[in-house]
Amino acid sequence: MSDTTLADVCAYIRKLPGRADIAAVQEACAQQILTLDRAARPVISSGRRARITDIRPAILAGLTGTVQEPNKGATRWHFLLDEDSTNALRRDPRTTYTVPDDTTRYLLPGKGIPAGCIELLDA
């Protein structure tokens, strides 16, 4: 284990001679934050039950269903609504989605739900 303190690191950064050196430290910090965030977040994977949160259009917020396949970067996920949420979306007067009457589970169209807007329910 290192005896280096945060004060030591800050002092080192203040002594760096150029912008490129400071930018490299900044990039390393950003990468570490992403790593820590990833470790703190539950793993989203196909088949998990979830709720949509904090999203626009707001009509989708609170709907529940099953996470489907991700996009290439796993930043967005296709989402299959459960029966209750399919019916709620169909009946909502604000909806711009066309949910056929005979559809019991509706696959939301488009690019997918952002990973940050998915709250896993089966954790």
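## Burial and the predicted model

A residue is called buried when its relative accessible area is under 20%, exposed when that value is over 50%, and partly exposed in between. Arginine 48 has a relative accessible area of 17%, so it counts as buried, the value being under 20%. The structure described here is a predicted model.

Strand E1 covers residues 49-52. Ala50 and Ile52 form its covered face, whereas Arg49 and Arg51 belong to the uncovered one. In a regular strand, side chains alternate between the two faces of the sheet.

E1 runs antiparallel to strand E2 (residues 64-70), and three bridges join the two. Within E2, glycine 65 is the bridge partner of alanine 50. E1 also pairs with strand E5 (residues 118-120), again in the antiparallel sense and over three bridges. Here isoleucine 52 stands opposite isoleucine 118 of E5.

## Salt bridges

Four salt bridges are present in the structure. In one of them, the side chains of arginine 48 and aspartate 122 meet at 2.9 Å, N to O. This pair links distant parts of the chain, 74 residues apart: arginine 48 lies in the loop between helix H2 (19-40) and E1, and aspartate 122 in the segment after E5. While arginine 48 is buried, aspartate 122 counts as partly exposed at 38% relative accessibility.

Arginine 49 forms one with aspartate 82, the closest N and O atoms being 3.5 Å apart. Aspartate 82 lies in the loop between E3 and helix H3 (83-91) and arginine 49 in strand E1, so the pair ties together parts that are 33 residues apart in sequence. Aspartate 82 is buried, at 14%, and arginine 49 is partly exposed, at 37%.

The side chains of arginine 51 and glutamate 119 also meet in a salt bridge, at 3.5 Å, N to O. Because arginine 51 lies in strand E1 and glutamate 119 in strand E5, this contact ties together parts that are 68 residues apart in sequence. Arginine 51 is partly exposed at 30% relative accessibility, as is glutamate 119 at 35%.

## Backbone features in the loops

The loop between E1 and E2 contains proline 57, which is joined to arginine 56 by a cis peptide bond with omega of about 5 degrees. Aspartate 54 lies in the loop between E1 and E2. Although not a glycine, aspartate 54 has a positive phi of about 40 degrees; its relative accessible area of 71% makes it exposed.

Alanine 74, in the loop between E2 and strand E3 (76-81), likewise has a positive phi, of about 55 degrees, without being a glycine. Alanine 74 counts as partly exposed, at 38% relative accessibility.

Note on methods. Residues are numbered from 1 along each chain as its sequence is written. This is a predicted model: local features need pLDDT of at least 70, side-chain atom pairs count only at pLDDT 80 or more; totals for chains, interfaces and linings use all residues. Side-chain values use heavy atoms; hydrogens and water are left out. Buried means under 20% relative accessible area, exposed over 50%, partly exposed in between (1.4 Å probe, protein chains only). Helices (H or I, at least four residues) and strands (E, at least two) are DSSP runs, numbered from the N terminus. Two strands pair if DSSP finds at least two bridges between them.
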